[in-house]
Number of protein chains: 2
Amino acid sequence: MTGAGQLSIVGLGPGGPAHRTRAAEDAVRAAEVVVGYRSYLAQCADLTGSHQVLVPGAMGAEQQRAVDAVHAATDGHRVALVSSGDAGIYGMASLALCTVAGLAAESRPAVHLVPGITAATAAGALLGAPLARDFACLTLSDLLAPWEAVEARLRAVAAADLVLALYNPRSAGRPWQLGRARDVLLEHRPADTAAGLVTDAGRGGERVEVTTLAAMDATAVGMRTVVIIGASGTQRLGDWMVTARSLAEVAS
Amino acid sequence: MTGAGQLSIVGLGPGGPAHRTRAAEDAVRAAEVVVGYRSYLAQCADLTGSHQVLVPGAMGAEQQRAVDAVHAATDGHRVALVSSGDAGIYGMASLALCTVAGLAAESRPAVHLVPGITAATAAGALLGAPLARDFACLTLSDLLAPWEAVEARLRAVAAADLVLALYNPRSAGRPWQLGRARDVLLEHRPADTAAGLVTDAGRGGERVEVTTLAAMDATAVGMRTVVIIGASGTQRLGDWMVTARSLAEVAS
């Protein structure tokens with residue numbers, strides 16, 4: 001046993017309490033210190049109280065947040081580091097685990113990862129069943145990658161006929177990447193390929209739209225939107241976007 | 001308003017109650033009829049009672065199960081069609097939505113999809129953070145696809161340097177596909193690429209192993225195992241498998 005504390009890395013799911021798990025709720029309630037980006041602390045405000053220390057972080061200060069959470073745990077506290085969605089998918093888990101692994105073995109806290117419903121899964125359920133067979137999740141953010149590397153992955157997925165869920169498709173500081181991604185996809189997929197846009201899944205102001213790759217309005221997409229692009233097995237059924245479970249042909 | 005009933009298509013998450021959402025629990029409790037493969041009904045037995053009709057289905061009879069669920073809803077009942085994990089990801093949602101879409105508009109039930117934690121997310125949390133940036137989910141089942149199509153997707157994902165989560169990697173009737181998949185991956189990735197095997201996540205008998213692509217024991221893998229294969233950004237950190245959030249180089 002170590003004298004260090006305990007770090008839970010917790011995914012809160014897409015929005016309010018309905019899509020949160022009991023394990024996530026228990027981990028937040030049991031924590032003495034809760035660390036997270038401000039809006040994630042707000043997302044679990046119904047679980048926290050004045051007996052807990054809340055450590056809000058700024059967007060973009062992820063490394064500092066990971067260090068804060070790990071240090072509070074090595075100081076002997078029970079800590080919850082919270083993310084929206086799943087903390088392991090474009091979330092805080094990777095940074096936090098690397099931070100823990102950098103400590104001497106005797107001062108490492110016990111670490112527990114609590115999965116959550118990630119944005120692609122939440123968006124899929126609002127759109128129908130676009131992720132029913134074989135898909136990729138890619139981020140369009142080029143903050144931590146050269147755009148050429150992002151585009152290379154996009155080309156590979158487009159050519160492989162996989163359904164594609166795009167995280168971080170567009171923000172004020174990254175206005176052109178989604179349009180460029182669409183151009184790349186249109187080199188491989190028909191203009192009438194089904195496309196789904198889900199913004200603020202599970203929150204107030206939730207918006208769901210099924211359209212086509214060609215008609216998709218990139219300017220209606222923001223930081224809290226997930227974009228799902230269909231493959232050859234995907235069709236529009238009324239308001240739904242549904243991918244077949246069977247796969248008849250060899251991808252080109 | 002229609003006279004037809006209501007169909008909830010519910011993902012129960014990977015195992016017991018800890019990783020189930022409140023929305024999933026509410027949907028099962030509110031149902032008059034609960035339809036699902038036997039082991040999925042067992043997974044939510046704590047939520048059902050003698051006032052409900054339980055309709056167990058056999059493995060492989062998915063189309064019949066979808067029809068049973070949709071017909072019970074068109075008869076005016078509140079129905080929950082349950083799957084393990086997320087019903088939209090290799091689950092029952094696609095079949096059920098296609099069945100509903102085939103009905104005349106006036107007899108269609110109201111449909112509500114309730115997301116759940118899918119196996120890749122659950123396995124990721126047990127392994128560390130392998131899915132931290134850009135990944136694909138593929139099934140190795142060739143029951144609904146020619147193997148050549150499955151292998152083509154595998155080659156594309158391997159070449160694109162995406163982390164890969166393999167669903168349905170192996171069963172008694174499909175014993176060789178995982179070994180073949182490994183051979184394909186080894187054409188593109190080093191022998192010491194991190195590989196994680198998670199069996200029965202969140203259930204009794206849960207097994208978690210981090211190994212390498214070359215050392216992976218395919219015969220230890222079964223129907224309830226998810227296999228996660230790392231990419232160039234993935235490393236083993238002690239018992240964890242962690243993918244970096246940054247992406248430095250262009251995928252070949």
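**How two copies meet**

In this predicted model, 100% of the interface residues of chain A are also interface residues in chain B, so the two copies meet through the same surface. Let's see how the copies are arranged. In general, two copies of a chain are related by a rotation about an axis and a shift along it.

Now for the interface itself. On one side, 61 residues of chain A are in contact with 62 residues of chain B. Among the elements of chain A that each supply at least two residues to this side are α1 (22–30), α4, β5 (110–114), α5 (119–127) and β13 (240–243). The most comes from α6(A), which gives seven residues. Sorted by class, the side of chain A that touches chain B holds 39 nonpolar, 13 polar and nine charged residues.

Strands also join across the two chains. β7(A) and β7 (residues 135–139) of chain B run antiparallel and are joined by three bridges. Phe135(A), for instance, has Cys137(B) as its bridge partner in β7(B).

Finally, look within chain A, where helix α3 (residues 62–74) meets helix α4 (residues 93–101): their axes come within 9 Å and cross at roughly 50°. The two helices are therefore oblique to each other, and their crossing is right-handed. Residues making this contact include Ala66(A) and Val70(A) of α3(A) and Leu95(A) and Thr99(A) of α4(A). By class, the contact has seven nonpolar, two polar and one charged residues.

Key:
Residues are numbered from 1 along each chain as its sequence is written. Chains are lettered from A and ligands numbered from 1 in the order in which they are written. This is a predicted model: local features need pLDDT of at least 70, side-chain atom pairs count only at pLDDT 80 or more; totals for chains, interfaces and linings use all residues. Axes are lines fitted to C-alpha atoms, for helices over the stretch in contact, and angles run from 0 to 180 degrees between N-to-C directions. Helices (H or I, at least four residues) and strands (E, at least two) are DSSP runs, numbered from the N terminus. Angles under 35 degrees count as roughly parallel, over 145 as roughly antiparallel, 65 to 115 as roughly perpendicular and the rest as oblique. A crossing is left-handed if the near helix is turned anticlockwise from the far one by less than a right angle, and right-handed if clockwise. Two residues are in contact if their C-beta atoms, placed from the backbone, lie within 7 Å. Ala, Val, Leu, Ile, Met, Phe, Trp, Tyr, Cys and Pro count as nonpolar, Asp, Glu, Lys and Arg as charged, and the others, Gly among them, as polar. Two strands pair if DSSP finds at least two bridges between them.
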